[in-house]
Each structure stands twice: as structure tokens, then as C-alpha cells.
There are 2 protein chains.
Amino acid sequence: MEPIKSFQDLAAHLKNGPRRKMAVANATDEHSVEAVMRAVSEGIVEAYLTGDEQKVRAITAKFPESPYVHYVNVADPKEATDKAVSMVRNGECDILMKGLVNTDVILRSVLNKETGIHTPGNVLSYIASLTAPAYHKMVFFGDPAVIPDPTKEQRIMIIKYAIKTAQAFGVKQPKIALVHATEVPGPKIRYMNDYVEIKEMAKNGEFGDVILDGPMDIFLALDKERGAIKHIDTPVLSDSDIVIFPDFDAANVFYKTATTFGNAQMAGLLYGADKPVVLTSRSESTECKFNCICMACVLA
Amino acid sequence: MEPIKSFQDLAAHLKNGPRRKMAVANATDEHSVEAVMRAVSEGIVEAYLTGDEQKVRAITAKFPESPYVHYVNVADPKEATDKAVSMVRNGECDILMKGLVNTDVILRSVLNKETGIHTPGNVLSYIASLTAPAYHKMVFFGDPAVIPDPTKEQRIMIIKYAIKTAQAFGVKQPKIALVHATEVPGPKIRYMNDYVEIKEMAKNGEFGDVILDGPMDIFLALDKERGAIKHIDTPVLSDSDIVIFPDFDAANVFYKTATTFGNAQMAGLLYGADKPVVLTSRSESTECKFNCICMACVLA
């Protein structure tokens, strides 16, 4: 498999595979349902839409009928969410997607010890993929949303999730940059010991077939022209597949700045549940939600 | 004065003013000297170049002779640096600029209690200005370089330096965004108490005539299209003059991502010494160093 380099490539790749079964929790918001219907019409998913059936149908009505859209009539948003989660838990579906429900409600349902889809101890985090005109391939990064200030253990899991993602996108030997403001490992930086230990782990093969280096800044990790100036000898230089940020503020600033200033496109998923969870914010576009669904399909 | 909206505007604005006197510490690197000579030829500065005169002249030789370039022959880089600092200390010059000398060497000279140019207690920090095709005016921000994880007192000084800068650029009532990953002030975020107190200070007029709001993300602070989606009612929305980042990683990721992905231009200065200090990294372009000199001139 050639690496997938754009969201267009990604959708094209998925059309050739089997449809993934996806449960949508309270599918009564327009952008989410539009994104789902597009994924259905492109042959990518088979959708189970929980929620008040009348409200759901009011949105799906403008799309052609499809045998791959199923309505699961549960009027109450919380119950609709629990139903979607249970469909993933019992194996009917491979992917969970958030509809019109607050993030804390769906997370509580995912994490419920009796009825949820989370194995105790597994780290919940968020990994995203990004493309932009200025970069020659996809960038995978974490965590811009869930863990404000990762512990070493959480940092290691973020890296493992990102590696798994890059590999699912066809990157055979992911190049990983540990991001910091400079390439000099300052002694007073709170996460620098983690970086040192993580580099040691990578050397010992604990992340599999990857190349991991750092600390380095965004220029060294992602900028061909400016990365070259410092003559730093690492295969990751200006060619990273994965960038790992010190905390969620830096990761969040990264993709929002790339989007606002550089026309980047982004998709992301919640990791650490037993199956991929599409958990986008209400303000995301249909396009972004569609890309998230595709990302979930390649990982399901 | 109309606000200065680009580095072109800035240079044009300075041509009409008096030349600023600038001491360059060990002026033996090409990019720095080229930037200085450009500022001389555009009528912006009068330069005092310390360092081994032969080496300095080897670089200046390709430029026309100018009565506004002075050679201060001191062969040793550290002594040349001390000489440049002393010229600022005794009032001969208004601006200090780093040439071919390590940052720690020039900082030690600046901070020297007997011979330096730093008033004890003053917070050293770095404030930068940025323009990009995607944004309609200059953005001032801090601190991408000097203070890894600001205390509340340091955060307040970063804001004050940024306000002073925006005002020097002609922004009458700067709009200030306190950046966080979301607009929700999470309780476990280490700097959130600072943000709450700083907002209170702004309300009480302690920063003068400014509008300060937050926490908000980069979309809310700087993105017209995506900022509008969330219907948040603040004059800062999508129109910030100043963005204050939680720490230097987020600030550093901001300008490097805007540069790499969005063709941004950046200039910055060291604040907290008695006079502006141009302190760029060796890898910065002549263009960037020239913009930094201009930024120093408008603040001198």
C-alpha cells in the first residue's frame, strides 16, 4: 500500500474496501448527518442513526434513500447515545460517532464500566491528521484536545496511537518529531526528561520500526527551507510524519494556525476506547466531519 | 498616526524620522551586517559596528561608503560585545544588536550589574510582531523564546510589553486575546487562575486603554470565518492585535507554523533591558533581521 497523502486519497482508498458499520449517537444535527450521508453515498459506511427518528429523517430526507442507512428510534439524547454505544459494544458496529450530544454525556457512556466500550487503564487521547498546501504529505499529531499536560505514560500512548494511525495510512517507517521551542534540550523544561526516556525507548525498538528524534522546533520538523539552515543531521529533518507536542495548547495552536494561516485540512479521532470514536465539535464543517469518518474507517 | 500594518509600512514610517543610533556587538556575521547596512542605506539607523575591523570591513566593503557607519575595532568577540553594551549604557547608542556572539555571552554583558544595561527586577522577555497574507493587520505576541513557563508576574509583564509595542505601532486601543485550547476555562489548567486575575486587572484599567478577553483559541482570536461560528460576543473576536500564549512552546509553534504554512513574516525583540535589544538567531534571514532592527527603532 502506498501512503495516503490527502483526504481525497483517503476517501478513494476506502471506496475499494468493505463498508464499515457506524453507530451515530443522537444523529439530529445537520453537519454530522450530512457527513454520514456523504460517507454512505460514497460506499464507505453503513450507518445506524440513533435518535428521534422523525428529527433524523427531517435531515436525511434531502438525500437519496439507501439500504445502508438504518434508523434506531430513541427519542431521548442520552438514551440514544447509550444505544449507539451498546451497538458498538455488542459488535453490531465498528465505529462510534457523536451527533447532537454533549461531549461529557457521550464520554460517560463510553466509559461506563458495565455498558461502555472502554477497557480500564487505557489512556483516552486525541490524534489528528492534517494536510496543507505547504507540506508534501500527511502530518499526524497529538494531542490537541483531550490531555492538557500529558504524563510520561500518556505521552508514550499518544506516540503509540499516532504510530498506529500513520501505519494505517500506509506509512511504513514513520518519522517522529518531539516538538519543543528549540533543538536544545533545556534543563528546566518540565517534559524534557520524558523526551530523553522516550528517545531511549525508540532506540531500543519499543515503538517498532520508526525513526524518532527531538527535541526540535516546527522549522526542523516540517519546513524544508528553514529546516536546512541549521545543518542538523537527522532523517526526521523537514520530513516528519508524526509531530508530538509538549501539551494540548501547543498542539491546538498548531492545527488552528495551520488552518487559519495555511488552508490546512484536519481530521481527528478519540483514541483509547475499544473502537474508534468520531468526536468532533459542533462547529466543525461537514467536510471536516466527513474526513473524520474516513479516518475512523481506516482504523476500524 | 495610522496603525502600521506591514513591515513595508514600518520601514516607510521610519524613513521620515530621525536615524536611531545602534551598537552592533561583534558585527562579523554576514546576515546581521547586511541587515544593518540596508537600514543605514534606507536612512533608518546610524550604526556602530564593534568587532575586528578587518573582518567587519570584509562584509561592509560590498556596500557604498556611508558617514553613518562607524567602526569600533575590538578584536575579541566578548570585549566587542561589552563595548557595544557600554555604548548603549553611556547613551551614545539607543539600540543594542547581537552580531556573531552567543546569546548567553551577550545576555551576561547586558545583565552585568556594574557595566550592563538592565535594571534589577525588570523581567526579560521576548515580544514579536507578525504579518501574514491571511490576516488583516499586525499581530503582536509573546513570549516565543525567553520564558518557558511564565509566572503570573511575568505574564503581566509580557502583556505590558506587547501593549507598549502595539501602541508604538499606532494601535490606539489594542485588542488582546489570552490563548488557550478552547474558550472554556478548564479548572485543571495551570495558568487559568492567572488569566482570571489578568482579566480582572484589565477591567480595573490596570493595562490602560485596552480590550482584553479570553481564554479563547486561535480561531476565535484570529480567524474571521471560523471565529464567527461560535457566536461569542467579544470585540476581540477575529480581530486581535495581541495574542498572549500560555507558554513559549505554544507561542513558538504559532509563529513557526504561520511562517511555514502561511508565509508569515516575523520580527522580535528582547524586552526588559533599559533599551531595545535585537537578538535574532544566527539562522534568521537578512530580511527578518532588518525587520527586527525596524521594530527596535520604533520602540527606541
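Is A:Arg226 buried, partly exposed or exposed, and what is its relative accessible area? A:Arg226 is partly exposed, with a relative accessible area of 25%; here buried means under 20% relative accessible area, exposed over 50%, and partly exposed in between, using a 1.4 Å probe and protein chains only.

## Before you start

The model is predicted, so local features need pLDDT of at least 70 and side-chain atom pairs count only at pLDDT 80 or more, while totals for chains, interfaces and linings use all residues. Residues are numbered from 1 along each chain as its sequence is written, chains are lettered from A and ligands numbered from 1 in the order in which they are written, and side-chain values use heavy atoms, with hydrogens and water left out.

## How the two chains are related

Two copies of a chain are related by a rotation about an axis and a shift along it.

Contact means heavy atoms within 4.5 Å, and 39 residues from chain A and 39 residues from chain B take part.

## The interface

About 3,200 Å² is buried between chain A and chain B, and carbon and sulfur atoms give 70% of that area. Buried area is the accessible area (1.4 Å probe) that two parts lose on being put together, summed over both.

The interface of chain A and chain B also holds 14 residue pairs in polar contact, both residues at pLDDT 80 or more. On the side of chain A that touches chain B, the elements giving two or more residues are helix H8 (218–222), helix H9 (224–229) and helix H10 (248–262) of chain A. H10(A) provides the largest share of that side, with 14 residues. Helices (H or I, at least four residues) and strands (E, at least two) are DSSP runs, numbered from the N terminus. A polar contact is a pair of N or O atoms within 3.5 Å; within protein, one must be able to donate a hydrogen and the other to accept it, and residues adjacent in sequence count only if both atoms are side-chain atoms.

## A closer look at B:Asp217

There are 2 salt bridges across the interface of chain A and chain B, where a salt bridge is a side-chain nitrogen of Lys or Arg within 4 Å of a carboxyl oxygen of Asp or Glu. B:Asp217 and A:Lys256 meet through their side chains in a salt bridge, at 2.7 Å from N to O. B:Asp217 sits in the loop between strand E8 (211–216) and helix H8 (218–222) of chain B, and it counts as buried at 3% relative accessibility.

Within chain B, the side chain of B:Asp217 reaches the backbone nitrogen of B:Phe219 at 3.2 Å and that of B:Leu220 at 2.8 Å. Leaving out residues up to four places away in sequence, B:Asp217 touches A:Asn252, A:Lys256, B:His180, B:Ala181 and B:Thr182.

## Other salt bridges

Over all chains, the whole structure has 35 salt bridges. In one of them, A:Glu34 pairs with A:Lys62, the closest N and O atoms being 3.1 Å apart. This pair links distant parts of the chain, 28 residues apart: A:Glu34 is in helix H2 of chain A, and A:Lys62 is in the loop between helix H3 (53–60) and strand E3 (69–73) of chain A. A:Glu34 is buried, at 19% relative accessible area.

Back to A:Arg226: its salt-bridge partner is A:Asp223, with the closest N and O atoms 2.6 Å apart. A:Asp223 counts as buried at 4% relative accessibility.

## Backbone features to check

Most residues other than glycine have a negative phi, and most peptide bonds are trans. The peptide bond from A:Gly142 to A:Asp143 is cis, with omega near -15°, and so is the bond from A:Gly214 to A:Pro215, with omega near -5°. A:Pro215 belongs to strand E8 (residues 211–216) of chain A.

A:Asn26 has a positive phi of about 50° although it is not a glycine, and A:Asn26 is buried at 4% relative accessible area.
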